[in-house]
Amino acid sequence: MKITFYGVCGSSPSITKDLPNIKHTACVAVETDDCLIIFDAGSGIINLGNALTDVAKPILLFFSHFHYDHIIGLPYFSPLYDPNHNITIIYPDIKKIKSILPKIFDSDFFPISYSQLPKEMPVKTPDFCSNFNVSVTSYNLNHPGGCYGYRLNHHKNSLIYATDNQLDSKNITPFIDSFKDCDVLIHDCYFFNESQENLKTWGHTFLPDLVSLCFKANIHHLIPFHYKPDISKEYLSNMITYLDSHISKNKSSLRYTFPYDDLTIHL
Ligand SMILES: [Zn+2]
Ligand SMILES: [Zn+2]
């Protein structure tokens, strides 16, 4: 599996000046020999679409949920307008996504309606991916309005995409069980160690809770994801210091990578 990050920010594209490679909102591509899986259509999907030249490979476009930072790039995803591409939308709740997709293209928001797209995109549940040698498990995440996380198993490799999830000491146990022994965990890490109590109800995760999950679930490689848009070089460097010291203190073999736009990881 080849994993490429096209957008790693949450809420809005980054407003920071000192991290120029962290710009776009959520979009991650996972390429196998048989298909191109895309998680979310944040602003990062625009660059992904423009870089796609291989029309032969089927595209499986997953949505976690429909907050703006996960859909804002969809109308600007150029393969939607090229009928040579073969795009299937993947989401566990077919009724819900069929009602939401036309709304994104409503004439109040965008000039081209969903029904005007040159090719209809089938909508399937995650088990459709078994046609491409990928088995998928979906999880209900803890986020206002609901959100789905996904675990992909392909040959002997496993990857979880779990953005927009509020982990805390009270709800961590089921996630430890579900995420056990995963090779790569791409997980919401909107906060580091901010002390404001009100942030704990925003539906996002603080780095210490995420690290605790990784140790308990025996995650091999952590990718903290969905940064807050005002993330700075200093904030990122403090998170790295925290991770290094806790990995060392716990004698853990956990690896981690803080992602940025266009980063590719092979698994
Ligand atoms: Zn988000
Ligand atoms: Zn959200």
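Biologist: Before we start, how are residues numbered, and which features count in a predicted model?

Modeller: Residues are numbered from 1 along each chain as its sequence is written, while chains are lettered from A and ligands numbered from 1 in the order in which they are written. In this predicted model, local features need pLDDT of at least 70, side-chain atom pairs count only at pLDDT 80 or more, and totals for chains, interfaces and linings use all residues.

Biologist: Thanks! What is the strand order in the open sheet of six strands?

Modeller: Helices (H or I, at least four residues) and strands (E, at least two) are DSSP runs, numbered from the N terminus. Two strands pair if DSSP finds at least two bridges between them. With mixed pairing, the open sheet of six strands has the order 7-8-9-10-11-12.

Biologist: Is strand 10 largely enclosed or largely open, and why?

Modeller: A residue is buried if 20 or more other C-beta atoms lie within 10 Å of its own, exposed if 12 or fewer, and partly exposed in between, with C-beta atoms placed from the backbone. In strand 10 (residues 184-188), five of the five residues are buried, so the rest of the structure leaves this strand largely enclosed.

Biologist: Which residue is the bridge partner of Asp188 in strand 11?

Modeller: Strand 10 pairs with strand 9 (residues 157-162) in parallel through four bridges, and with strand 11 (residues 221-225), also parallel, over five bridges. On the strand 11 side, the partner of Asp188 is Phe225.

Biologist: How are helix 4 and helix 5 oriented to each other?

Modeller: Axes are lines fitted to C-alpha atoms, for helices over the stretch in contact, and angles run from 0 to 180 degrees between N-to-C directions. The two helices pack at about 45°, with axes 9 Å apart. Angles under 35 degrees count as roughly parallel, over 145 as roughly antiparallel, 65 to 115 as roughly perpendicular and the rest as oblique. Helix 4 and helix 5 are therefore oblique.

Biologist: Now the other sheet: which strands stand at the edges of the open sheet of seven strands?

Modeller: This sheet has mixed pairing and the order 6-5-4-3-2-1-13. Each edge strand has a single partner strand, so one of its sides lacks a neighbour in the sheet: these are strand 6 (123-124) and strand 13.

Biologist: Last one: is Asp40 buried or exposed?

Modeller: Asp40 lies in the loop between strand 3 (36-39) and helix 1 (44-51). Its phi is near 70°, a positive value in a residue other than glycine. Because Asp40 has 28 C-beta neighbours inside 10 Å, it counts as buried.
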